[in-house]
Amino acid sequence: MVKPKLICYNESTISYKSGSSISFLDGMRNSVLYRERYDGLSDHVAAGLKAGQALGNYPPEELLSCDTFRAVDGILIKWLTERLLAEDMGAQLNGFAIPDICENRIKMHFGGENKSAYLLLENAHALISAANYHCPDGFQAIVRQYQDTGCRLDQAYRKFYLYYDQIEDSERFEPLRELVENIYTNEYLAQQLPKWNAALTDPDSLEILPLQRNFYARNLKRSDVRTVVIISDAMRYEVGQELFTRMQDDPKCTSAQLDVLLGVLPSYTQLGMAALLPHHTLEMTDDFRVLTDGILGDDLAARQKIMQGHCPESACVQLDDLKAMKVAELREVFTGKQVVYVYQNQIDAHGDEPRTEDEVFTACEQAMDEIMWLIRRLAVSANTIHFLVTADHGFLYQRGKRTESDKIAGVKEDNMFCGHQYIVAQTPVEGQGIQSIPMGRILGNEDTKSVSFPFGNSVFKVRGGGQN
């Protein structure tokens, strides 16, 4: 039997005043308790009115402040994408430029579920604006420009793919991705890398910036304050710059500063980690092992032995081990110590493996989160207020797959120490697009070997993955 359902409306609950209805819906939309109910009502009404189709006929500037239906964000995102594909960097709606539109829409009701798309567009704008990039001449000018503006382009590229990978229907952004990839690779990197690499061979290039191999002597040797040194494997400069910005916004970090060091070549973990340790001698043997004061420092125990040879009140520890420690265990590690080196391996662990290298940008975010967490925890639980955050080396990464024309072939790997971006050998590697620097110059000793590297954005065609 069908049971009829009678619904009665009380005239006192019906409002015929549009202002009251708008106020009621605004309150519902902004309520933590009822916003999901609002979303359901909005979708129901939108389907009945065919709002997506109807709103598509409106000029986008008339929709800029509209926050009633989900369809509005889809229309605006489509318009923003088209403007970027046309490289219309001056495009505006109601006086708002593309980055301002993205920022404002994120703050609106349906902005949260479209946040990744708006942030992708914001970073695409930063990169496309850099078309026709010009890199200055001379190492000092190149470094200064990179610190001021160039690092922001690497950062925007990282952020673009960070958000691109978060979007399920990323196919709609594929033409934009191709444009971003083309500008980053063929205009930015193609300009910057040859000039940077050529400038490295200048006789005075290693005298312009503080050197990584002098890190301990410069920052810690004469310090009388207990210092925790956090070494993030492969944290490149632009990631450090973002971490610095986060620290400035954190009330616990009252005096954050950002400085720069010139790393070592070849740029890889064993040599970079050795350079950061205190040492009298830093050398690479003929079988390409790296020795610090004659000790092979490839593991934590060896690094601690080297450290304690210069500072007995010191320790080396993995960040992952600190995560699981209770407060009492933490204090035991840090009590009585003058210097503690903490090693983090979020970024390099992903970037080194072909199957995970596309996750390297996500790993950068995780690395920054971990470092901020560690600083707060040690400040409270280990009575430490002085921290240095640095890296053993950085990285280059581009999402577009390498072609054969990007690879320098014909390298004989016998009696050489090879990576995709470097070769150490007794004699320099000869060939078009390759240049070399004596290892003795890098290490500050009499080493007669040479490190050779691609002049531009090419890689050596050698064994192993991780070509991107």
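Leaving aside its neighbours within four places in sequence, with which residues is His-109 in contact?

1. In this predicted model, His-109 is in contact with Arg-29, Arg-35, Tyr-38, Asp-39 and Asp-67, once its neighbours within four places in sequence are set aside. The residue itself belongs to the loop between α5 and α6.

2. The helices α1 and α2 pack with their axes 7 Å apart and at an angle of about 125°. An angle of this value makes α1 and α2 oblique to each other. From α1, the residues Leu-25, Met-28 and Arg-29 take part in the contact, and from α2 the partners are Arg-35, Arg-37, Tyr-38 and Leu-41. By class, this contact of α1 with α2 comprises four nonpolar and three charged residues, with no polar residue. Arg-29, Arg-35 and Tyr-38, which take part here, are also among the residues in contact with His-109.

3. The second largest pocket has a volume of about 250 Å³. Its lining consists of Ile-22, Leu-25, Asp-26, Arg-29, Tyr-38, Leu-41, Ser-42, Val-45, Thr-68 and Phe-69. The elements that give two or more residues to this lining are α1 (18–29) and α2 (35–49). Six of the lining residues are nonpolar, two are polar and two are charged.

4. Helix α4 (residues 71–85) and helix α5 (residues 98–106) have axes that come within 11 Å and cross at roughly 160°. The two helices are therefore roughly antiparallel to each other, and their crossing is left-handed. On the α4 side, Val-72, Asp-73, Leu-76, Trp-79, Leu-80, Arg-83 and Leu-84 meet Ile-98, Ile-101, Cys-102 and Arg-105 of α5. The contact of α4 with α5 divides into eight nonpolar, no polar and three charged residues.

5. For helix α6 (residues 115–128) and helix α7 (residues 139–164), the axes come within 8 Å and cross at roughly 150°. With angles over 145 degrees counted as roughly antiparallel, this crossing makes α6 roughly antiparallel to α7. The crossing of α6 and α7 is left-handed. Helix α6 contributes Ser-116, Leu-119, Leu-120, Asn-123, Ala-124, Ala-126 and Leu-127 to the contact, while α7 contributes Leu-153, Ala-156, Tyr-157, Lys-159, Phe-160, Tyr-163 and Tyr-164. Eleven of these residues are nonpolar, two are polar and one is charged.

6. The peptide bond from Leu-265 to Pro-266 is cis, with omega near -5°. Pro-266 is placed in the loop between α10 (237–248) and α11 (269–276). Phe-288, a residue other than glycine, has a positive phi, near 70°. Phe-288 is located in the loop between β4 (282–284) and β5 (290–292).

Definitions and conventions:
Residues numbered from 1 in each chain as written. Predicted model: local features only at pLDDT ≥ 70, side-chain atom pairs only at ≥ 80, totals over all residues. Heavy atoms only, no water. Axes fitted to C-alpha atoms, helices over the stretch in contact; angles between N-to-C directions. Helix = DSSP H or I, 4+ residues; strand = E, 2+ residues; numbered from the N terminus. Parallel < 35°, antiparallel > 145°, perpendicular 65-115°, else oblique. Left-handed = near helix turned anticlockwise from the far one by under 90°. Contact = heavy atoms within 4.5 Å. Nonpolar A, V, L, I, M, F, W, Y, C, P; charged D, E, K, R; others polar. 1 Å grid on protein atoms, 1.4 Å probe; cavity = no way out; pocket = protein on both sides within 12 Å on 5 of 7 lines; lining within 4 Å. Points joined across faces, edges and corners; volume = space filled by probe spheres on them.
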